[in-house]
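What can be read from a protein model about its charged side chains and its ligand? The questions below work through that, one site at a time.

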Amino acid sequence: MSKLKQKLAEKIPSYRERVTKLMKEYGDVVVDQVHIRQFYGGMRGLKCLTTDISYLDPNEGIRFRGYTIPEVLEKLPKPKGAEMPYVEGHFFLLLTGEIPTQEDIQDVVDEFKARNRVPHYVYDLLREMPRDTHPMTMFSAAILAMQRESVFVKRYNEGLSKMDYWDPYYEDALNLLAKLPEIAAYIYRMKYKADTPIASNPELDFGANFAHMMGIDHPYDEVARLYFILHSDHESGNVSAHTTHLVASALSDPYYALSAGMNGLAGPLHGLANQEVLRWIQHVMDKMGGKLPSKEELKKFVWDTLNSGQVIPGYGHAVLRKTDPRYTAQREFALKHLPDDEIFQLVSMLYEVVPPILMEHGKAKNPWPNVDAHSGVIQWHYGVREYDFYTVMFGVGRAIGVLSNIVWDRAVGQAIERPKSLTTDMLEKVAGIKK
Ligand SMILES: CC(C)(COP(=O)(O)OP(=O)(O)OC[C@H]1O[C@@H](n2cnc3c(N)ncnc32)[C@H](O)[C@@H]1OP(=O)(O)O)[C@@H](O)C(=O)NCCC(=O)NCCS
């Protein structure tokens with residue numbers, strides 16, 4: 001058994017005890033109340049989910065297993081001479097709650113290497129799809145196509161105790177994760193680089209191998225590690241995490257669940273926002289004849305977008321009420337590696353211009369930038385200019401978090417999700433409206 005799985009097996013029993021105690025002895029304790037606005041307002045703010053893998057504080061931003069982003073970037077071990085930590089180490093942290101040693105990481109690196117061969121039919125499927133298919137559709141289809149490999153389905157059909165569900169879920173999660181960088185890079189090279197895929201290099205770690213298969217030199221390996229870590233998890237109520245959790249709650253296997261989660265990530269209000277940011281910036285640059293706008297000109301573009309009833313992509317958040325620390329981490333990287341990049345300068349100018357305008361506009365509860373306001377510019381700088389592809393990279397990162405979550409869902413015996421709905425008539429009655 002791998003050290004990672006061993007560690008999980010050791011941790012699960014005490015977690016189960018805690019959850020059983022909460023459920024049995026405190027099951028009736030009231031945590032939150034539901035308001036009518038939440039029935040139509042996307043359940044915003046309703047406290048009814050649980051995860052120990054990450055927690056999003058509205059003012060502080062995300063903590064992964066209790067660690068802030070700067071702490072994660074500082075504490076996780078790094079490949080020799082690298083600036084950014086191993087993605088494999090981050091996965092270990094999310095799954096176990098512990099900062100791994102180099103030896104722990106090597107164990108995960110070896111696990112991924114042993115599982116990274118992508119079945120040939122996945123390439124066949126991708127090649128059969130029209131080349132103008134959105135890369136997120138290709139990515140999700142590739143994940144779904146591999147469902148026949150599910151260890152969970154096989155063991156479930158053989159007769160599996162509920163106590164052991166987490167084990168084949170773990171196997172599926174690792175088998176899936178190990179293949180995602182290659183699938184993503186394959187889609188990129190097939191679709192945008194004249195169908196010239198680059199074979200994986202077994203000597204490289206998760207992030208560096210992705211950079212290698214994308215065909216982009218150092219420091220893009222650092223970008224890949226940073227990007228996958230930052231996008232991994234954002235507690236469990238966001239669309240991709242919640243969808244993955246919901247579908248898995250029906251005991252659909254991790255392939256079905258992750259593919260569904262990726263379909264949610266593909267929405268413009270969620271993961272697709274990073275491509276929308278670049279599209280918006282390009283539109284500004286085009287209108288300016290390719291040169292940077294002045295601050296006054298930029299203010300006008302922002303107001304024009306708002307006045308035409310559209311959102312400013314990359315700004316606002318359902319939970320956060322400050323600048324997203326994932327934005328800040330990418331900004332620090334850009335200040336160090338690409339300070340003179342024109343698009344970065346425009347992104348920086350937007351950081352000054354947009355928040356006061358959104359405050360004056362008076363609608364968005366959070367006028368500050370989120371992760372998507374910055375992801376695209378770094379990719380653009382290193383030559384990934386096909387912004388349709390950005391959400392696929394977000395998806396590779398997000399898979400690390402959502403798959404960790406569903407392994408734990410099975411470990412603690414999360415039930416099939418089934419909230420209750422009411423009719424509008426019923427809500428009007430509750431509200432005391434007489435008709
Ligand atoms: C992220 C987002 C979907 C959160 O939605 P939310 O929780 O409903 O946000 P709020 O409660 O602040 O929304 C209140 C109002 O402000 C508007 N608003 C929020 N962010 C806005 C933005 N960036 N630009 C313009 N208007 C915005 C909303 O559309 C909403 O308007 P409405 O009352 O006419 O429906 C929203 O901020 C948004 O659309 N941002 C742009 C897309 C984006 O960056 N997505 C990536 C998220 S990580």
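The questions and answers that follow concern a predicted model.

Q: Which backbone oxygen lies 2.7 Å from a polar atom of the side chain of Lys179?
A: Lys179 sits in helix 9, residues 166-192. The side chain is buried and has no salt bridge, and the nearest side chain of opposite charge, Glu149, is 6.8 Å away. That distance rules out a salt bridge because the cut-off is 4 Å between nitrogen and carboxyl oxygen. The backbone oxygen 2.7 Å from the polar side-chain atom of Lys179 belongs to Arg115.

Q: Which residues is Lys179 in contact with, leaving aside its neighbours within four places in sequence?
A: Lys179 belongs to helix 9. Outside its sequence neighbours within four places, its contacts are Arg115, Asn116, Arg117, Val118, Pro119 and Met146.

Q: Which side chain joins that of Glu182 in a polar contact of 2.6 Å?
A: Glu182 is also found in helix 9. Glu182 is buried without a salt bridge, and Arg117, the nearest side chain of opposite charge, is 8.3 Å away. Beyond neighbours within four places in sequence, Glu182 is in contact with Asn116, Val118, Tyr123, Ser200 and Met213. The polar contact of 2.6 Å is made with the side chain of Tyr123.

Q: How many residues surround the ligand?
A: The closest residues are Ile312, Gly314, Tyr315, Lys363 and Lys365. These five belong to a surrounding set whose total is 19 residues.

Q: What percentage of the area that the ligand exposes when taken alone does the protein bury?
A: A nitrogen atom of the ligand is 2.9 Å from a backbone N or O atom of Ile312, and a ligand nitrogen is 2.7 Å from a polar backbone atom of Tyr315. An oxygen atom of the ligand lies 2.7 Å from a backbone N or O atom of Lys365. Taken alone the ligand exposes 850 Å², and the share buried by the protein is 74%.

Q: What is the relative accessibility of Glu71, which meets Arg63 in a salt bridge?
A: The salt bridge between the side chains of Arg63 and Glu71 spans 3.8 Å, N to O. Arg63 is partly exposed, with a relative accessible area of 26%. Glu71 also counts as partly exposed, and its relative accessibility is 28%.

Q: By about how many helical turns are Arg279 and Glu276 separated?
A: The side chains of Arg279 and Glu276 meet in a salt bridge of 3.7 Å, N to O. Arg279 has a relative accessible area of 38% and is partly exposed, and Glu276, at 23%, is partly exposed as well. Because they are three residues apart in helix 14 (residues 273-287), the separation is about one helical turn.

Q: Which residue takes a positive phi just after helix 4?
A: Helix 4, residues 87-96, is mostly covered, with 10 of its 10 residues buried. Its buried residues include Glu88, His90 and Thr96. Just after the helix, a positive phi of about 85 degrees is taken by Gly97.

Notes. Residues are numbered from 1 along each chain as its sequence is written. This is a predicted model: local features need pLDDT of at least 70, side-chain atom pairs count only at pLDDT 80 or more; totals for chains, interfaces and linings use all residues. Side-chain values use heavy atoms; hydrogens and water are left out. Helices (H or I, at least four residues) and strands (E, at least two) are DSSP runs, numbered from the N terminus. Buried means under 20% relative accessible area, exposed over 50%, partly exposed in between (1.4 Å probe, protein chains only). Lys and Arg count as positive and Asp and Glu as negative; His and the chain ends are not counted. A polar contact is a pair of N or O atoms within 3.5 Å; within protein, one must be able to donate a hydrogen and the other to accept it, and residues adjacent in sequence count only if both atoms are side-chain atoms. Contact means heavy atoms within 4.5 Å. A residue is near a molecule or strand if one of its heavy atoms lies within 4 Å of it. Accessible areas come from the Shrake-Rupley method with a 1.4 Å probe; for residues, only the protein chains shown count as cover.
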